[in-house]
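Subject: Structure handover

Hello,

Here is the structure I promised you. Please open it first, then read my notes below.

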Amino acid sequence: MSWNIAPECTSTVVLCIIWIYSRKGNPSPSLKNRLFQGCFFVTFCAMTSNILSTLLLYQLTPATLVPAWLVTSFYFIATPLMGMIYYFYVLTYIYDEEKTVIKRFLITSVPGFAYMIMVLLNPFTKSLFAISLGTGYTKGHGIAATYVVFYLYCLACAFAVLIRRRAVQSSIRTILFVFPFIAAGIIIVQMIFPDIILSGSAATSALLLIYLFLQNKQISIDYLTGIPNRQEFLKTLELKLNNRSDTPFTIIVLSLKNFKVVNDTYGQLNGDAFLVAVSDYLKKNVSLGKGNLYRYSGDQFALLLDQPSDENIKKKVVQIQERMTQLWQAGPLTSVLQGVLGIVRYPQSAEQTAGLINGIEYAVSLAKKNHEGVCYCDAEILEQVTRRIQIASILEERFAQDQFEMYYQPIYQVETGGFPVAEALMRMNNTPLGNLSPGEFIPVAEECGLIIDVTYKVLDRVCKQILALERAGIEVDGIGVNYSSLQFTQRDLIAKTRAIIEQNAVPFSKIKFEITESTLAENEEAVAAFIYEMQALGCRIGLDDFGTGFSNLTSVMRLSLDTIKLDKSLVWSSLQHERSEKIVRSMTRAFNQLGMTVLAEGVETTEQSQFVEECGCKYIQGFLYARPMPAADYLAFLKEKALETNKI
Ligand code: C2E
Ligand code: CA
Ligand code: CA
């Protein structure tokens, strides 16, 4: 019999190329990676022994008889071993704990080992093959066992993926499911054309497929730091959760605060070098046990720790925090990097991927705000996360259907005793979570960006309210609309704002924009441009929340603001602390001298009212005079006040 070994030789070369390429850049020594290398090794052995055995069988002499027996036996062992090791590798994808993988493998390796014993006994039983000088190579009646064992493992791969399909991402699932069929398909062709040796081609195709789609480091490794990337992190997380095992784990995320400043100061390339320094530190100095380190996002690293004790977590947190107080080196440059830590635990913090990710994001955002720079996502925080998610979904639904209410709080004018202006305040009543206060839902709307479009809707409602009042015979001087910081990130802000007022044919002078101190501090240029353009059209601009501590007085002075609204906290503390009282007095005087009108917010008592009046505040907003009220009540309120004035 003659065999064509050309495909096998070509496949060996291709296999070697992929093998060498797959070893570039030191893959991490995980069981999965070691087994993948094992697949190459076994396949290589099977293919070379196949070629060698074929060559030896062609030139059978007394001297080559024993080597031919040995090499052919070796080939017979290696072939089903390929199936076995592929199966072993597949298990690492669908079970995340090494222990489980090994246990499952040992249970299912019985047919493989039984077959190997058959090969070892073959010189005596000749059940698989025989080689003699006279007849050359002859098949034994049990040769089918070789294929059966190989197919069995291919089938086991497909079956294992099928029963654990929920544990694996769909893209990986497809590959793991398809590759045994490709291999098995080629072997079937081999059975049809027995003189062309194709088993190596089958194995190489399968390995190429795995390499391209699953083991290619470009997919899973972060190119800058050489550690696994976010996708790999999510994949691992999903696998852990889908295992339905109760093994606890902890995620510590180190987030570099203000890393943008580092990039701006030292340039992107040096910024990259600092990131590598941090990643190297974490990799080399923070012991991860069986866990791993991931680049979670541009300036965030995640440590995934298996079953750490509380004490262990604390130790790591302190270790990283201490390191963050020291300088970092990038080439000749040194810099301080600020880092905060968010910690999420499974199963205490959340039981689903989405919950854990939300927990991480929220813990990091809180850590950025708190003094310690650390936030453990505990039950209380988790409740907040859940509530915020619920609020976000309520807002999305309500805003989409315009189902939010506008309240108006009339503002008292000291000089006339009337209420010529008001502030528009949003309300979200009767939600599944009850009445939500703007103090709670506005920050959520800002975080998810919903506030931008809603603000335009608010402005439109306010314009329509002014027209409705006009139709009822009531003329107001103006209504204030709150513009959040996010609004000033919009390029078309001025054009859109202008268009809404124009479409409603409301005089520009009747609209007043309230911009907080913090908004001003965050977007000075955009705010200045907005103020300039809108004032030119006739709108008025009020500085909101003055005294909450964000103001850069120079920028407040530089802008031509129409009114300054003293924050309620400042008003309240004026009657309690002499220092605040002095500040309010002198500030109000200074603003008045600069031609700005001062408005006092949060006036609840007559003492407060007398005090702010005495200081020179021209307008007073507070529960003492009027609470925020629905549009209909606002109209009734103004009508009543008008009657009172007429009576006088
Ligand atoms: P703000 O702009 O400082 O609005 C004034 C807040 O002070 C209102 O709270 C008002 O009800 C409250 N207030 C007025 N007088 C008194 C008083 O005498 N005593 C007390 N305790 N409170 C008084 P509200 O309506 O709960 O709104 C809270 C915040 O939510 C607002 O603070 C504003 O920052 C935001 N907000 C409300 N509506 C909107 C909106 O349509 N757009 C935006 N961007 N933010 C809004
Ligand atoms: Ca306001
Ligand atoms: Ca305020």
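In which loop does Asp402 lie? Asp402 lies in the loop between α15 (379-400) and β10 (405-413). Helices (H or I, at least four residues) and strands (E, at least two) are DSSP runs, numbered from the N terminus.

A few ground rules. This is a predicted model, in which local features need pLDDT of at least 70 and side-chain atom pairs count only at pLDDT 80 or more, while totals for chains, interfaces and linings use all residues. Residues are numbered from 1 along each chain as its sequence is written, chains are lettered from A and ligands numbered from 1 in the order in which they are written, and side-chain values use heavy atoms, with hydrogens and water left out.

**Backbone**

Back to Asp402. Its phi is near 60 degrees, a positive value in a residue other than glycine. Asp402 is partly exposed, with a relative accessible area of 38%. Buried means under 20% relative accessible area, exposed over 50%, and partly exposed in between (1.4 Å probe, protein chains only).

Asn430 also has a positive phi, near 50 degrees. Asn430 sits in strand β11 (residues 421-431). Asn430 is exposed, at 63%.

The peptide bond from Tyr346 to Pro347 is cis, with omega near 5 degrees. Pro347 lies in the loop between β8 (338-346) and α14 (353-369).

**Calcium**

Asp545 is partly exposed, at 23% relative accessibility. Glu601 is buried, at 8%. The calcium ion (ligand 2) is 5.0 Å from the calcium ion (ligand 3).

**Aromatic rings**

The structure holds 30 aromatic pairs. Rings of Phe, Tyr and Trp (its six-membered ring) pair if their centres lie within 6.5 Å; planes under 30 degrees apart count as stacked, over 60 as edge-to-face and the rest as tilted.

Take Tyr408 and Tyr634. Their ring centres are 5.3 Å apart and their planes are at 15 degrees, so the pair is stacked. Tyr408 lies in strand β10 and Tyr634 in helix α25 (residues 631-647), so the pair ties together parts that are 226 residues apart in sequence. Both Tyr408 and Tyr634 are buried.

Now Tyr483 and Phe513. The ring centres are 4.8 Å apart and the planes are at 65 degrees, so this pair is edge-to-face. Tyr483 belongs to strand β13 (residues 478-483) and Phe513 to strand β14 (residues 511-516), 30 residues apart. Tyr483 is buried, at 2%. Phe513 is buried too, at 0%.

Ring pairs also link Trp19, Phe36, Phe40, Phe44, Tyr89 and Tyr93 into a cluster. The charged end of Lys32 sits over the ring of Tyr93, 4.3 Å from its centre. A charge sits over a ring if NZ of Lys or CZ of Arg is within 6 Å of the ring centre and within 35 degrees of the ring normal.

Best wishes

Technical notes. Donors = N, O, S within 2.8 Å, 3.2 Å for Na, K, Ca; no water.
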